[in-house]
2 protein chains.
Amino acid sequence: MLSRQQLIQQIKQKKSFLCVGLDTDIEKIPSFIKEGYADPIFEFNKRIIDATRDLCIAYKPNAAFYERHGVPGLQSLIKTSEYLPKDCLSIIDAKRGDIGNTSGMYARTFFDRNAAGMDFDAITVAPYMGNDSVTPFLAFEGKWVILLALTSSVGSKDFQYLDVDGQTLYETVIQKANTWAGADRIMFVVGATKSTEFSNIRKFAPDNFLLVPGVGAQGGNLQEVCQYGITKNCGLIVNASRSIIYASNGEDFAEAARAEALKLQQEMEVELVKAGVI
Amino acid sequence: MLSRQQLIQQIKQKKSFLCVGLDTDIEKIPSFIKEGYADPIFEFNKRIIDATRDLCIAYKPNAAFYERHGVPGLQSLIKTSEYLPKDCLSIIDAKRGDIGNTSGMYARTFFDRNAAGMDFDAITVAPYMGNDSVTPFLAFEGKWVILLALTSSVGSKDFQYLDVDGQTLYETVIQKANTWAGADRIMFVVGATKSTEFSNIRKFAPDNFLLVPGVGAQGGNLQEVCQYGITKNCGLIVNASRSIIYASNGEDFAEAARAEALKLQQEMEVELVKAGVI
């Protein structure tokens, strides 16, 4: 469990606001791992975590990459969640959301170790079903909801930019969600492909942390994101997945991942200094 | 796999458009099942299915009720999916949705038996991320997407009713999704608590099947839903969960479930005759 204060402390200490996305695809991991281990996905994750844990402040497995393998996939996810370092924010990217009591079950699944064996600090949630689909996650004290606002997908244009009484739907989502809980409990997903939008988003979410996917493989630019989105407490968690975890496909994959993470951490340090966070 | 024509055929043959929701909660099932079987959730589902299969045309397990038990829960879900009768539409109520390649993994999870052991005919999908979060499910030929439009939760008011250029967001979702695929591939979730809305929804979805939760325990009224929502091909799949599966908590739970399902089937038969479907 990582409170807002602890998260900010970690960012200052590690001079990083990097999240490593554990979107581990069995078809993309080195063959010596795939062939040499009973649980290659966990083994891969373990080595990536060992190689990057001092350079990042969060890890984010995407549930789909594990669910597609059925029972063994879920076992890999559970083992990964147990292995995640306690000083990093552990995010399950599950994009869940259902009516109240059902969202409550998803919350138990990912937040309560006694339910399914997982104890994540935070979960991504889809906003479409509104308040009662989100609040059951907030009922778990100390846990975080990371609500989808503006995603980095092509389809974000279909609904998220629709005009709702003079503002976009995603702005309305942020505005409304901020009445459900404070910036110590809710973050928002904001895609990095639209970095100029960040200054606008900060009008609606001046204090919230924003989880920013799309830097690296998806084409976002770290400097631009910071120019428009960074706050005096940083307020950003920037995720990179493929550019780090698949930096090499050979025996040196973990070292290569570390080198990529280090490059991002160093760029982030510059931005943190520039913004006066450190 | 059930095509639109086969689904309509089943409805006419069984004189029913009932979906039984397998929202199986370990805390609510009879104690003789809970204590007497290695996999009580599957045993419960099996008996419910055996008792209702000639009265309904669809089954819908909600993923959250299984995921909260971790690995054993997933095993119960996989066994349940294998046991579902082939003449009924099998719907996984998972409300998934992610960027393109990730949605593709969720599609494999639930549609491709070789991935996770499940082979559902249909999945509920959340619309917020737009086109590329939905189309990967449609890439599985013969499978159905059931998109959230108007849900029966309190929180539906937060975003689904927002005014977008003179129509509501949920109408816009229906309108746009109908450009992605035909009524032979896309259905919509429409909550039964707003039965007067159905005539309006039919302007945007004249041919689509609508999956209607909220009849029974959630307070919806079957006759009203039909008055405003039924079409010449029926066009409705009405779900009931708690009112059927928890009709009794004793040794007779399966018979009691059958009696509740029969009551609904008989009411549905009247509506099908009234609408000229049979």
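This is a predicted model: local features need pLDDT of at least 70, side-chain atom pairs count only at pLDDT 80 or more; totals for chains, interfaces and linings use all residues.
Helices (H or I, at least four residues) and strands (E, at least two) are DSSP runs, numbered from the N terminus.

Residues are numbered from 1 along each chain as its sequence is written, and chains are lettered from A in the order in which they are written. Local features need pLDDT of at least 70, side-chain atom pairs count only at pLDDT 80 or more, and totals for chains, interfaces and linings use all residues.

On the chain A side, Gly70(A), Val71(A), Leu74(A), Gln75(A) and Ile78(A) take part. They meet Gly70(B), Val71(B), Leu74(B), Gln75(B) and Ile78(B). Contact requires C-beta atoms, placed from the backbone, within 7 Å. Ala, Val, Leu, Ile, Met, Phe, Trp, Tyr, Cys and Pro count as nonpolar, Asp, Glu, Lys and Arg as charged, and the others, Gly among them, as polar.

Across the whole interface, 49 residues of chain A are in contact with 49 residues of chain B. Helix 6 of chain A gives the largest share of the chain A side, six residues. That side has 20 nonpolar, 18 polar and eleven charged residues.

Within chain B, helix 1 (residues 4–14) has the buried residues Leu7(B), Ile11(B) and Lys14(B). A residue is buried if 20 or more other C-beta atoms lie within 10 Å of its own, and exposed if 12 or fewer. Seen down the axis of helix 1, the buried residues fall within an arc of 85°, so they line one face. The arc is that of the directions from the helix axis to the C-beta atoms. Strand 3 (89–96) of chain B is included in their cover. Exposed Gln5(B) and Gln13(B) sit on the face turned away from the buried side. Just after the helix, Lys15(B) takes a positive phi of about 50°.

Gln265(B) lies in helix 14 (residues 253–274) of chain B. Gln265(B) is buried, with 20 other C-beta atoms within 10 Å. Its C-alpha atom is separated by 8.5 Å from that of Lys14(B), 251 residues apart along the chain. Not counting residues up to four places away in sequence, Gln265(B) touches Lys15(B), Ser16(B), Leu18(B) and Leu55(B).

Key: Two residues are in contact if their C-beta atoms, placed from the backbone, lie within 7 Å.
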